[in-house]
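Open the model in your viewer and keep the selection tool ready.

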Amino acid sequence: MSRFDTYFLMKTPDVLDYVKEKAYMPADAALIAKEIGDGNLNYVYRVVDEKTGKSVIVKQAGVALRISAAMKVSTDRNRIESEILQIQWKYAPGLVPQIYGYDTVMCACVMEDLSDHALMRYALMRHETFPRFAEDISTYMVNTLLKTTDVTMEHKAKKDMVKRFINPELCEITEDLVLTEPYNDCNQRNIVFPPNAEFVKRELYEDKTLQLEVAKIKFAFMNNAQALIHGDLHTGSIFVKQDSTRVFDPEFAFYGPMGYDIGNMVANLIFAYDNGIAAGDTAFCDWTLQAIIETLNLFREKFLKCFDEYVTDRMAKTPGFKDWYLASIMEDTAAYAGTELIRRTVGMAQVKDVTTIPDEDKRVYAERLNILCGKDYIINRDAFQTGEDFVAAVKRAAAVLQ
Ligand code: SR1
Ligand code: MG
């Protein structure tokens, strides 16, 4: 009998016992551990053996979410995350952390410690730039997305994956927080920056045309089982250093539209841009916009190449299909970049890039830019294909606000 035979939420001393009992660390290790979790959902510990310097990360799912004790979500999310990281390691080796083990009882996984990397959101808030980022993230997206679709997979195997990674509770969070509440505050948990209250009312709560388009986008999210998506691909889900990029935290993963991941990435680079504008750091802002252009254009280029190399479905080989398919993915990318821009500005889960802007007028400006650019992406989504198209919308929103 072990005390880890029944689930409980571990504290630091429990984690120290846990890694020894489960043989991730030797019995005589001199362990120290620190809770380093920064997300809204889970508890994350870094455990180091001071004798050898060896370290691991232990991530455990709690029954209640960190962001709100009232929100309860199945701890199975930790199983989904571990299994997906193992699949993604196969498709995109070196671009995700390595998983050492997953425990279905304690709902905990033990994985590679990436403490030599920085969390991308915080690094961007320090206005650091990453020359490998566009190359790495575009490879990650093409390999994890296109290679899990019906285009490249045997269809029954793909349907098995859809079944294995059905993720109703985490999807419900996205359906509510991203694709419903920002447009009506129906659960009264939006957080609107008071100087923008009138703007939000007019541009979001009273815009019926926008709401109709978001309704269509919401149903596409729920019904387009296109690829095994990460489901929460923001800059807080990425570790970076100058020569390395690692995507983690895919607990929102399920079979959904590829554009959801790509669009989230675009929006989160715009949040970094907002922070740069507020600080007057033009060189950094230029880098963020260039990163959007390169990420999307490299994605397009690698996608077309990968499609030719790995396509198995006979009808998908029909001339014209590949270009139509990519065009629809870019349209979805615009749609979900728009919903991410808007929900992180007025919804319950916001981003520090914007909320920490100290000057009130500059924060007002950043939030309005996000909302106007987001609306452009959503309403005119069929007009966004290249990286340059996406950046032009940021500049259009800025011009309106001048
Ligand atoms: C209740 S969870 C709030 C947000 O945090 C996660 O990272 C997802 O983005 C989710 O929408
Ligand atoms: Mg997360």
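**Stop 1: a salt bridge to start from**

Select Glu83 and Arg164. Their side chains form a salt bridge, with N and O 3.1 Å apart. This is a predicted model, so treat every distance here as computed from it.

Glu83 sits in helix H2, and Arg164 in helix H5 (residues 155-164). The two residues are 81 apart, so the bridge links distant parts of the chain. Colour Arg164 by accessibility: it is partly exposed, because its relative accessibility is 40%.

Together with Glu83 and Arg164 they make up a network of salt bridges.

**Stop 2: the two domains**

Colour residues 3-112 as domain 1 and 118-401 as domain 2. Their C-alpha centres are 27 Å apart. Select the contact next: domain 1 gives 30 residues to it and domain 2 gives 31.

How much area do domain 1 and domain 2 bury between them? The value is about 2500 Å², with 63% of it on carbon and sulfur atoms.

Then select helix H2 (residues 77-91). It supplies eleven residues, the largest share of the side of domain 1 that touches domain 2. By class, that side of domain 1 has 15 nonpolar, seven polar and eight charged residues. Salt bridges across the interface of domain 1 and domain 2 number five.

**Stop 3: Asp136 and Arg132**

Widen the view to the whole structure, which holds 35 salt bridges. Pick out Asp136 and Arg132. Their side chains meet in one of these, at 2.8 Å from N to O. Arg132, at 35%, counts as partly exposed.

**Stop 4: Asp207 and Lys375**

Finish on Asp207 and Lys375. They form a salt bridge whose closest N and O atoms are 2.8 Å apart. Asp207 lies in the loop between helix H7 (197-205) and helix H8 (208-223), while Lys375 is in helix H13 (residues 360-379). This pair also links distant parts of the chain, 168 residues apart.

Check accessibility once more. Asp207 is buried at 17% relative accessibility. Lys375 is buried too, with a relative accessible area of 10%.

Key:
Residues are numbered from 1 along each chain as its sequence is written. Chains are lettered from A and ligands numbered from 1 in the order in which they are written. This is a predicted model: local features need pLDDT of at least 70, side-chain atom pairs count only at pLDDT 80 or more; totals for chains, interfaces and linings use all residues. Side-chain values use heavy atoms; hydrogens and water are left out. Domain bounds come from an automatic or database domain assignment. Contact means heavy atoms within 4.5 Å. Buried area is the accessible area (1.4 Å probe) that two parts lose on being put together, summed over both. A salt bridge is a side-chain nitrogen of Lys or Arg within 4 Å of a carboxyl oxygen of Asp or Glu. Helices (H or I, at least four residues) and strands (E, at least two) are DSSP runs, numbered from the N terminus. Ala, Val, Leu, Ile, Met, Phe, Trp, Tyr, Cys and Pro count as nonpolar, Asp, Glu, Lys and Arg as charged, and the others, Gly among them, as polar. Buried means under 20% relative accessible area, exposed over 50%, partly exposed in between (1.4 Å probe, protein chains only).
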